[in-house]
Amino acid sequence: MARRALIVGINWYGGFNDLHSCVADAKAMAEFLSRHKDGERNFDCNLLLGQRGDGAPLTRPKLRVALKELFSFDGDVLLYFAGHGFLSETGGALCTSDFASDDPGIPMQEVVELALRSPARQILLILDCCHAGDLANSATNKGTGKNPLATLREDMTVIAASRAAQEADEDDGHGLFTGALLDALEGGAADHMGIVTAPSLYTYVSRRFTAWDQRPVYKTNATEVLSVRRCEPLIERLKLQKLATFFPAADDKFRLDPEYDPEDEHGNVRDPVNHEKVAIGRLFKDYRDAGLLRASDPSLQLYWVARRSGTVELTPRGREYWWLVAKNKI
């Protein structure tokens, strides 16, 4: 399935109240989103920047055209915006370089209505700006069409840097919110298979902020989880798929014996070595290192389980992945 992303970063506001990190934020997000960690193509990114010296500020008409093109797509759609946000009595707006107090930029409600009418399969909207949480806010968004109160269509998700009434801060060359996003996309929010999803992005980012900070916001009407990027897995998929081979039921125990270790009790290589059992022992160490397997006797390390012919079992996380394997989800 083709995937399309519009990545927007605006530093330049005519020399008045310019920002410093939004262009760098947008460039970094485009770099992460355009390719998976292994270099395979991910989102086809359209990068729009508003910065001093370009000679072509990012205006309302230019951004509006790009938004309409983005939401006309029928695949997966992602919008990332870094810049000023504005909040008035009629709702929030994404500020463009031609900002004016009575016409700050693109109303957030306009973005929502484009999304509501979009044929896109899945939509992810990520805003790093002040008042970002006003996007898809039922108090200010009146919706459109036959469902006038709609703010999120099916399979639409919003991750915002702050609540509607809050500002979003910059620090160390990046917005605080985007800095956390980049760490998450690099692998911090990946699951055991290396997949970064929309909910895992928010979970990772939200932990960076305390009750005294700006509060990231998550809104969704998802029927399935959107994979945003693939990173290095903690354990290979083929190894995961063998879980059900060794554990026919999720709560089964697997008994080891000394031959699962290539060395005897004196540290000498066994003669002969049971290569099949040794391979299983090494695989179980991978499971243990990934947090999927443990000794049934919590007082024993895996090394001693084999020496003492003890048993191993799946951890709660291991049982989760066992279920995914058993249901042919992996």
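A cavity is a set of grid points where a 1.4 Å probe fits but cannot get out, and its lining residues have an atom within 4 Å of a point. With that in hand, we can look inside this predicted model.

**The cavity**

Rolling a probe the size of a water molecule over the atoms shows where empty space is left. Here the count comes to one cavity of 30 Å³ or more. The largest cavity holds about 90 Å³ of space. Its lining is made up of L256, Y260, D261, G281, F284, K285, L302, Y303 and A306. Two helices, α8 and α9 (302-307), each supply at least two of the lining residues. By class, six lining residues are nonpolar, one is polar and two are charged.

Helix α8 spans residues 275-289, and E276 is found in it. The C-alpha atom of E276 lies 27 Å from that of P316, 40 residues apart along the chain.

In soluble globular proteins, nonpolar side chains tend to be buried together. The largest nonpolar core in this model has 74 residues, and F71 and L78 have the most contacts inside it. Helix α1 (residues 22-34) gives the most to this core, with eight residues. A second, separate core has 30 residues, including L293, L300, A306 and W322. A306 also lines the largest cavity.

What does F71 touch, beyond residues up to four places away in sequence? The list is V77, V111, L114, A115, S118, P119, I123 and L125.

N11 sits in the loop between β1 (3-10) and α1. Leaving aside neighbours within four places in sequence, N11 is in contact with D18, L19, H20, S21, C22, V23 and G50.

| Residue | Relative accessible area | Class |
|---|---|---|
| N11 | 12% | buried |
| C130 | 15% | buried |
| C45 | 29% | partly exposed |
| E276 | 61% | exposed |

Why does N11 count as buried? Its value is 12%, and buried means under 20%. E276 counts as exposed because its 61% is over the 50% cut-off.

**The cysteines**

A disulfide is a covalent bond between the sulfur atoms of two cysteines. How many disulfides does the structure hold? The number is zero. The closest cysteine sulfur to that of C45 belongs to C231 and is 15 Å away, so the two are too far apart for a bond. C130 is in no disulfide either, and the nearest cysteine sulfur, that of C129, is 7.0 Å away.

Terms used
Residues numbered from 1 in each chain as written. Predicted model: local features only at pLDDT ≥ 70, side-chain atom pairs only at ≥ 80, totals over all residues. Heavy atoms only, no water. Helix = DSSP H or I, 4+ residues; strand = E, 2+ residues; numbered from the N terminus. Buried < 20%, exposed > 50% of the residue type's maximum accessible area, 1.4 Å probe, protein only. 1 Å grid on protein atoms, 1.4 Å probe; cavity = no way out; pocket = protein on both sides within 12 Å on 5 of 7 lines; lining within 4 Å. Points joined across faces, edges and corners; volume = space filled by probe spheres on them. Nonpolar A, V, L, I, M, F, W, Y, C, P; charged D, E, K, R; others polar. Core = buried A, V, L, I, M, F, W, Y, C linked by side-chain atoms within 4.5 Å. Contact = heavy atoms within 4.5 Å. Disulfide = S-S within 2.5 Å.
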